[in-house]
Amino acid sequence: MATAGGGSAAELGSRGLLCLLSFCVLLAGLCGGNSVERKIYIPLNKTAPCVRLLNATHQIGCHSSISGDTGVIHVVEKEEDLQWVLTDGPNPPYMVLLEGTLFTRKVMEKLKGSTSRIAGLAVSLAKPSPAAGFSPSVQCPNDGFGLYSNSYGPEFAHCRDIQWNYLGDGLAYEDFSFPIFLLEDENETNVIKQCYRDHNLSQNGSAPVFPLCAMQLFSHMHAVLSTVTCMRRSSIQSTFSINPEIVCDPLSDYNVWSMLKPINTSGTLEPDDKVVVVATQLDSRSFFWNVAPGAESAVASFVTQLAAAEALYKAPDVTTLPRNVMFVFFQGETFDYIGSSRMVYDMERGKFPVQLENIDSFVELRQVALRESLELWMHTDPVSQKNKSVQSQVEHLLTTLEESGAGVPTVVLRRLNQSQPLPPSSLQRFLRARNISGVVLTDHATVFHNRYYHSVYDTAENINVSYPGQQSPEEDLDFVTDTAKALADVATVLGRALYQLAGGTNFRDTIQADPHTVTRLLYGFLVRANNSWFQSILRQDLRSFLGDQGPLQHYIAVSSPTNTTYVVQYALANLTGKVVDLTREQCQDPSKVPNENKDLYEYMWVQGPLNSNGTERLPYCVRSTARLVRAVSPAFELGQWGSTEYSTWTESRWKDIRARIFLIASKELELITLAVGFGVLVCSLVITYCVNAKADVLFIAPREPGSVSL
């Protein structure tokens with residue numbers, strides 16, 4: 001008779017063996033999983049998605065299914081190639097690789113009408129930029145949120161008089177039910193095309209043979225319908241859930257502002273204190289998320305304003321001028337004037353040191369880099385000038401600008417017919433609140449000269465910024481381009497005009513903008529942000545904001561302050577501030593230092609330049625009046641998510657944004673593989689069951705020493 005414990009030992013042995021086998025399989029999966037994935041998929045690392053944005057009434061942009069959308073790649077290099085995708089191709093849905101020149105409203109409407117055959121779209125950059133121009137924005141930017149309406153200048157409402165962005169096709173304001181990605185790297189585009197040529201090209205009109213090259217795009221968006229809907233859902237989640245899942249966020253950032261003469265920011269100015277406001281915008285956009293070079297639509301103007309600020313601060317008598325000057329850089333103006341409407345809102349409620357009644361005059365820079373025949377156009381509002389007092393003030397403003405430009409022969413200031421409305425501008429939001437004398441300076445008399453307004457092609461090349469070959473990045477940084485010289489001349493005119501508007505008389509003609517400053521700013525914002533000068537003027541912890549080798553992008557986003565906001569603030573501080581002899585600790589907490597006042601100044605400890613050996617930096621403390629103030633639409637503070645008075649733009653949240661290519665088998669082979677795999681699974685289960693049932697026979701435990709059968 002066998003020992004009583006023999007069967008139990010055999011069963012334990014079999015279970016131990018099964019556990020060991022399972023552990024080995026799991027370990028092999030963990031060790032080899034990533035390797036297998038790398039062999040199957042080729043990730044596309046340099047892409048930019050189209051994401052979903054929402055306002056009070058609509059959703060725009062693109063999204064994918066929650067598990068991503070997959071399709072067979074088909075390259076479309078001419079419009080005739082669409083025939084295969086839309087009707088002839090036997091293996092839908094297709095992932096279209098579209099040449100940049102074909103990314104137009106006409107083509108997109110065809111693709112949008114065949115969603116059952118379209119899985120998504122990958123767009124390659126056109127090189128050179130489309131000669132005919134390309135603007136996915138609307139023809140009347142910020143329509144409904146500016147000055148003109150059915151009750152104020154109805155003849156100018158909805159751009160009835162001038163369609164400012166005449167090339168705008170509105171593509172960026174459409175809603176697409178499939179993902180659309182921009183391919184930013186030409187090498188990755190070539191890899192996709194090679195995969196297509198190797199596997200997907202049909203021979204003599206016949207269907208291509210499997211396996212086929214496919215692409216998968218992930219860009220599932222959480223928000224739907226409108227800002228009203230997504231904010232309500234987020235609010236309910238925040239109220240009743242311990243771990244709320246927010247589905248959208250308001251577009252928001254910070255405005256940058258500074259004063260020529262310091263003011264106490266803990267209070268407000270007296271009504272008799274007059275301020276000349278000079279303003280521009282910081283942000284831009286394109287069809288794709290966080291791809292917003294904005295060379296003409298934003299960068300040229302705020303670079304010019306920075307140079308003008310530097311020139312004005314150098315005037316010997318700025319501290320004794322009768323009137324102060326406020327420099328403002330608005331964020332979010334692309335999306336229904338977020339920054340300017342918030343500043344006006346705060347001014348009206350006494351939440352900002354400067355009040356509307358303190359504004360003596362308002363000068364705004366818009367698009368200024370593409371001047372023709374040296375002309376700089378002065379736009380004013382014809383409706384407010386029906387008031388004789390305002391008309392007189394505007395006339396004085398225009399005359400001052402003309403006098404300031406007389407000494408700069410390369411800038412010819414031109415007046416416009418008084419029956420012409422203002423172009424899209426921040427001044428419109430201030431005029432909605434109060435009649436003030438204001439002017440908008442642009443390079444265009446009527447329609448925009450910018451053929452790439454709010455597109456991926458509004459780059460340095462669009463404003464003719466180029467550099468000689470064979471130069472190092474440091475040589476490019478200091479190379480003064482013709483565009484830099486032209487913008488420096490505009491900055492000189494602006495600086496002299498501001499000096500005169502502030503009451504200055506003695507040193508107007510000595511004010512001169514520095515082309516070297518302008519060229520460094522243009523290079524940093526449009527070519528390479530991570531350069532030695534930008535590094536030297538920032539805090540050490542902000543260095544990562546400069547990125548690697550490319551330019552900054554100027555999309556407002558939802559995580560703020562954005563890179564552009566910080567860099568502009570620190571550039572403004574370094575160009576207009578003063579280096580003070582404070583230690584790092586004193587600079588970070590100047591309240592303990594006699595004669596230093598944080599209500600009057602902002603203090604910044606910056607990296608400084610490298611020493612002569614290039615081994616370590618020479619940091620220093622900058623004292624200036626350059627500050628940040630919140631730029632989020634008042635609609636969200638008021639809880640009026642369906643507002644028609646204020647911007648209501650939000651951005652959907654997402655969890656995964658990525659793209660990859662791989663080979664796919666035919667449906668038949670996939671079904672056979674599934675069936676075989678299922679069969680193997682069933683056989684494995686049967687074998688495992690049989691082995692377990694006969695474990696006492698198959699796995700006989702050795703007898704213990706001394707065990708004897710009786």
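View 1. Seven of the eight residues of strand β11 (residues 252–259) are buried, so the strand is largely enclosed by the rest of the structure. Buried denotes under 20% relative accessible area, with exposed set at over 50% and partly exposed in between (1.4 Å probe, protein chains only). Strands (E, at least two residues) and helices (H or I, at least four) are DSSP runs numbered from the N terminus. The model is predicted: local features need pLDDT of at least 70, side-chain atom pairs count only at pLDDT 80 or more, and totals for chains, interfaces and linings use all residues. Residues are numbered from 1 along each chain as its sequence is written, and side-chain values use heavy atoms, with hydrogens and water left out.

View 2. Two strands are taken to pair if DSSP finds at least two bridges between them. With strand β21 (residues 627–632), β11 pairs in the antiparallel sense over six bridges; here Ser 252 has Val 632 as its bridge partner. With strand β13 (residues 324–330), β11 is also antiparallel, over four bridges, and Val 256 is partnered by Phe 329.

**View 3. An open sheet of eight strands.** The strand order is β1-β23-β9-β5-β6-β7-β8-β2, and the pairing is mixed. At the edges stand β1 (42–43) and β2 (47–49), each with a single partner strand, so one side of each is left without a neighbour in the sheet. Strands β9 (residues 212–219) and β23 (residues 657–664) pair in the antiparallel sense over eight bridges. Phe 218 stands opposite Arg 658 in β23.

View 4. The protein chain is divided into domain 1 (38–134 + 171–221 + 657–668) and domain 2 (252–577 + 625–632), with bounds from an automatic or database domain assignment. The contact (heavy atoms within 4.5 Å) takes 27 residues from domain 1 and 14 residues from domain 2. Their centres, taken over C-alpha atoms, are separated by 39 Å. About 1600 Å² is buried between the two domains, 68% of it on carbon and sulfur atoms; buried area is the accessible area (1.4 Å probe) that two parts lose on being put together, summed over both. The count of salt bridges between the domains is zero, a salt bridge being a side-chain nitrogen of Lys or Arg within 4 Å of a carboxyl oxygen of Asp or Glu.

**View 5. The annotated segment at residues 671–691.** An unreviewed UniProt entry places the feature "transmembrane region" here. The span is 100% helix and 0% strand, and its end C-alpha atoms lie 30 Å apart.

Note on methods: UniProt positions renumbered as here; feature names shortened; annotations may be inferred.
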